[in-house]
Amino acid sequence: MNPYCVQIGDKVKVIVDGAIRELEIVDLPVGDPKRGVISYLSPLASALLGKRFPSRVVVRLPNGKDLECRLLGRAI
């Protein structure tokens, strides 16, 4: 496991829409975003996987819009 890259199973801190959130990327096809659990298949998780800390990440949403977020580091 590379301690500097986001992988499935990681809990990370990100800034999304100006708010700091802790997210866990899981290997299930469905997550629970309200609880901070996102599937590796989601657009946000797909954009975060393999990124290093800290990073700015642009996520292409299904509606065609871009969402910019900032990857801060691992969550505890």
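Mentor: One term to begin with. Helices and strands here are DSSP runs, numbered from the N terminus. Also, this is a predicted model.
Trainee: OK. What pattern does the chain follow along the sequence?
Mentor: Reading along, you get β-β-β-α-β-β. That is one helix and five strands. The radius of gyration is 11 Å, close to the 11 Å that the globule rule gives for 76 residues, so the chain is as compact as a globular protein of that length.
Trainee: What does the C-alpha trace span along its principal axes?
Mentor: About 35 × 25 × 20 Å.
Trainee: And how many of the residues count as buried?
Mentor: Of the 76 residues, 34% do. The chain exposes about 5,000 Å², and carbon and sulfur atoms supply 54% of that area.
Trainee: What about contacts between residues at least 6 apart in sequence?
Mentor: Among those, 37% join residues at least 24 apart.
Trainee: New topic, charges. How far apart are the mean positions of the positive and negative ones?
Mentor: They are 4 Å apart. The chain has 12 positive and 8 negative charges.
Trainee: Now cysteines. How many disulfides are there?
Mentor: The count comes to zero. Cys5 is in no disulfide, and the nearest cysteine sulfur, in Cys69, is 15 Å away.
Trainee: Remind me what a disulfide is?
Mentor: It is a covalent bond between the sulfur atoms of two cysteines.
Trainee: On to the backbone. Which residues does a cis peptide bond join?
Mentor: Phe53 and Pro54, with omega at about -25°.
Trainee: Where does Pro54 lie?
Mentor: In the loop between helix 1 (43-48) and strand 4 (55-60).
Trainee: Last one. What is the phi of Asp17?
Mentor: Positive, about 55°, although Asp17 is not a glycine.
Trainee: Where is Asp17 found?
Mentor: Look in the loop between strand 1 (11-16) and strand 2 (19-26).
Trainee: Is Asp17 buried or exposed there?
Mentor: Exposed, at 67% relative accessibility. The cut-off for that word is over 50%.

Notes:
Residues are numbered from 1 along each chain as its sequence is written. This is a predicted model: local features need pLDDT of at least 70, side-chain atom pairs count only at pLDDT 80 or more; totals for chains, interfaces and linings use all residues. Side-chain values use heavy atoms; hydrogens and water are left out. Helices (H or I, at least four residues) and strands (E, at least two) are DSSP runs, numbered from the N terminus. The radius of gyration is taken over C-alpha atoms; the globule rule is 2.2 Å times the number of residues to the power 0.38. Buried means under 20% relative accessible area, exposed over 50%, partly exposed in between (1.4 Å probe, protein chains only). Contact means heavy atoms within 4.5 Å. Accessible areas come from the Shrake-Rupley method with a 1.4 Å probe; for residues, only the protein chains shown count as cover. Lys and Arg count as positive and Asp and Glu as negative; His and the chain ends are not counted. The place of a charge is taken as NZ of Lys, CZ of Arg, CG of Asp or CD of Glu. A disulfide is a pair of cysteine sulfur atoms within 2.5 Å.
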